Amino acid sequence: MIIRLNKLENNQEGVVKNIDKSVGLRLRLERLGIRPGVTLRKISDVGPVVVAIGNSQVALGRGMAEYVFVEPKQFRALLFGNPNVGKSVVFSRLTGMDVVSANYAGTTVEYTKGSLMVDGHSVELIDVPGAYTIDPTCVAEEVARHFYDDGEADVLINVVDATNLERNLYLTLQLLEKKVPLIVVLNKWDSARHKGVQINIPQLSKMLGVPVIQLVAVTGEGLKELRGTLNKVIQGEVVPPEFKPITHQERWHFIGHISQEVQKVVHKHPSFLERLEIASVRLHSGIALAVIVLAISFISIRVVGEGLITYILDPFFNHIYGPAIRLLIQKVFPFPFLQHLLLGKTPGFMESFGVLTTGVYIPLAIVLPYIVSFYFILGLWEDIGYLPRLAVLSDRIMHRLGLHGHAIIPLILSCGCKVPGVLSLRLLESQREKFLGLILLLMAAPCIPQTAMIVSLLSPFGARYVALVFIILTGVALINSVVLNMIVKGKSPEMILEIPSYQIPHFATLMRKLWLRLKDFLLNAAPIIVLGVFVINVLEMLGVLNLAGSVARPFVVTVLGLPEETISIILLGFLRKDISIALLIPLHLSVKQAVIACIFLVLYLPCLATFFVALKESSWKIVVKVLSITITCATVVGALLHVIL
Ligand SMILES: Nc1nc2c(ncn2[C@@H]2O[C@H](COP(=O)(O)OP(=O)(O)OP(=O)(O)O)[C@@H](O)[C@H]2O)c(=O)[nH]1
Ligand SMILES: [Mg+2]
């Protein structure tokens, strides 16, 4: 946006773009330093407009200022802090934008930009990925370093975990060296109170030479003060810190001194949660708890998902939506071709393949209930802080697969959707681990829409067949990873992982996160399902599916023992794997064929979205390698099952 100079706010900076007046005026202004490309700050406009350029000030008549066009520079604030201190919650609170937060390090691996208004000034806020230091040791820290270096920040907001002052201050001291106004925010003040941690804020502020604020980001307590301080920085009332660079040793020394001076920890008896924290990472109690957690998750996902389908969605679709939509379409479009396209051939919601019947029913009545239940449970464990503990427990098994325990997080996320799963592979350090992690999550973890479809296809034959598919998938993925770990060169690094304290989840934050993930499904995935049903319908009407069938016949029919109609489904599965499994329903496969088809469709290729994310996160070479492995595995397993079952 380009505006006239006199329209710039006081104290706001702008870059001169153009001077639109006679050459004479332009030359005069240019001599005073006002020329295109120069950054100036407007100081006042009581009489003439006064601007500061570098160290000098220039006053120019209001009429003259009308002809100088500037692009206002947005005030830029960066949220820096260690992983898992609550930066994303602070970001959501300030900008009103929703970003995912969770109680483990590395939730944010990409930065997010948002904006907010502070007393009439527009501020751009960036949620920088968590970093322990600005000397990068992983991808997230490299992104943080990039923001530290680029010199565009007007203020740094350092979010600090108040329960962990010493460890967090290392980054704070590094940020102080940047000589950009800094606000230190002591977040999780509620947990600090609980744990008996007392911090003398005025003293800390004096020792660091910057404003320090206490905050409970999840409830918003202290947010007003943060905005107030931000406003002071905008008004130029907060000077950049004068802090001379010090060495690594000196930094730790200074931190020791600070915490001695400002922090007091009152001894409290270990709470129930603290005792649970210890039990969760010990061998026997840990495994017992993990079994309980997994059982609770599994049962609740199933009960909630099935409950929603049986008691709410199925009755709604069968008794209200179905009759209404059929009546409407038959009245409005009396053309058989269109009716076929929109409503399909048969009345059954799963078999008709009409855009408005099956196309709407699959995403909303079959997949959505499981998305709701899965992400609710996942969000709960995420916010309680259970996942890093599962990482500790699974470390030994994961080592057999060439990974360390932390890889359990991408794997669990992939059970919801592979896209965030692949993104969180950034948590892993070496290329080798990323490669092994990618293969493992592609093979072992069908996403929740796929799982929902497998359940709905196989449950009529009995729950044991659903279990069989998952046991085979897990077995194949494990064997494959063990073998790859032996073949692929290199060693995986040891695990260093921060384990956060358990905390009682904040219900509103939890629900916001659930809504964010549901919205993502409804806006991004559901329309593709509808589109997929449409494309399949058209291809079928044009006879393309039959043609494709005859080409791949020997492979599908002879090797996998599947009927010819599945060929087109396999070809289309790349678009959306969940509909590809739904497409099997009208074929009335035998139970053996259904099991083989499900396993083959899960294993052979990832869906299009996952494919592109994997490509972005790694390289062509790696993706091609990974896909050749998954296709080979799918074929071998399919063929073996055809012979064995
Ligand atoms: N008790 C308490 N919990 C908080 C507070 N602020 C954030 N949390 C929780 O702390 C956890 C981490 O929050 P995030 O916002 O994901 O942290 P982050 O700094 O963005 O973490 P990364 O993206 O991993 O660097 C979440 O479970 C939050 O609900 C707070 O003020 N009090
Ligand atoms: Mg974050």
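Lysine 513 is buried, with a relative accessible area of 5%; buried here means under 20% relative accessible area, exposed over 50% and partly exposed in between, with a 1.4 Å probe and protein chains only. Before I go on, this is a predicted model, in which local features need pLDDT of at least 70, side-chain atom pairs count only at pLDDT 80 or more, and totals for chains, interfaces and linings use all residues. Residues are numbered from 1 along each chain as its sequence is written, chains are lettered from A and ligands numbered from 1 in the order in which they are written, and side-chain values use heavy atoms, with hydrogens and water left out.

Back to lysine 513. Its side chain meets that of glutamate 382 in a salt bridge, 2.6 Å from N to O. I call a salt bridge a side-chain nitrogen of Lys or Arg within 4 Å of a carboxyl oxygen of Asp or Glu. Glutamate 382 lies in helix H13 and lysine 513 in helix H21, residues 507-542, so the pair ties together parts that are 131 residues apart in sequence. Helices are DSSP runs of H or I with at least four residues, strands are runs of E with at least two, and both are numbered from the N terminus. Glutamate 382 is buried as well, at 0% relative accessibility.

How many salt bridges does a search of the whole structure find? The search gives 18. Another one joins glutamate 124 to arginine 76, with the closest N and O atoms 2.9 Å apart. Glutamate 124 sits in strand E9, residues 121-127, and arginine 76 in strand E7, 48 residues apart, so this pair too links distant parts of the chain. Glutamate 124 counts as buried at 14% relative accessibility, and arginine 76 counts as buried at 12%. Salt bridges with shared partners connect Arg76, Lys113, Glu124 and Asp150 in one network.

A further salt bridge is formed by aspartate 45 and lysine 42, at 3.0 Å from N to O. Here lysine 42 is buried, at 1%, while aspartate 45 is partly exposed, at 24%.

Next, the sheet. Six strands form an open sheet in the order E1-E6-E2-E3-E4-E5, with antiparallel pairing; two strands pair if DSSP finds at least two bridges between them. Strand E1 (3-4) and strand E5 (56-60) are at the edges with a single partner strand each, so one side of each has no neighbour in the sheet. Inside the order, strand E2, residues 13-19, pairs with strand E3, residues 39-44, in the antiparallel sense over three bridges. Glutamate 13 is opposite arginine 41 in E3.

Now the nonpolar cores. In soluble globular proteins, nonpolar side chains tend to be buried together. By core I mean a set of buried Ala, Val, Leu, Ile, Met, Phe, Trp, Tyr and Cys residues joined through side-chain atoms within 4.5 Å. The largest has 117 residues, and Met453 and Ile599 touch the most other members. Helix H13, residues 358-384, contributes the most to this core, with 14 residues. Leaving aside residues up to four places away in sequence, isoleucine 599 touches Val469, Ile472, Leu473, Val637 and Leu641, where contact means heavy atoms within 4.5 Å. A second, separate core has 40 residues, among them Leu173 and Val197.

One helix in detail. Helix H8, residues 223-234, has 12 residues and should span 16 Å at 1.5 Å a residue; its end C-alpha atoms are 17 Å apart, which agrees. The expected span is 1.5 Å times one less than the number of residues. Buried residues in H8 include Leu223, Leu226, Leu230 and Val233. Just after H8, glycine 236 has a positive phi of about 80 degrees.

Most residues other than glycine have a negative phi. Asparagine 84 has a positive one, near 65 degrees, in the loop between strand E7 (75-81) and helix H3 (87-95). Histidine 588 also has a positive phi, near 50 degrees, in the loop between helix H25 (577-582) and helix H26 (591-603). Is each of these buried or exposed? Asparagine 84 is buried, at 14%, and histidine 588 is exposed, at 62%.

Last, the cysteines. With a disulfide defined as a pair of cysteine sulfur atoms within 2.5 Å, the count is zero. For cysteine 415, the nearest cysteine sulfur is that of cysteine 447, 9.5 Å away. Cysteine 415 is partly exposed, at 30%. For cysteine 607, the nearest cysteine sulfur is again that of cysteine 447, 6.5 Å away, and cysteine 607 is buried, at 16%.
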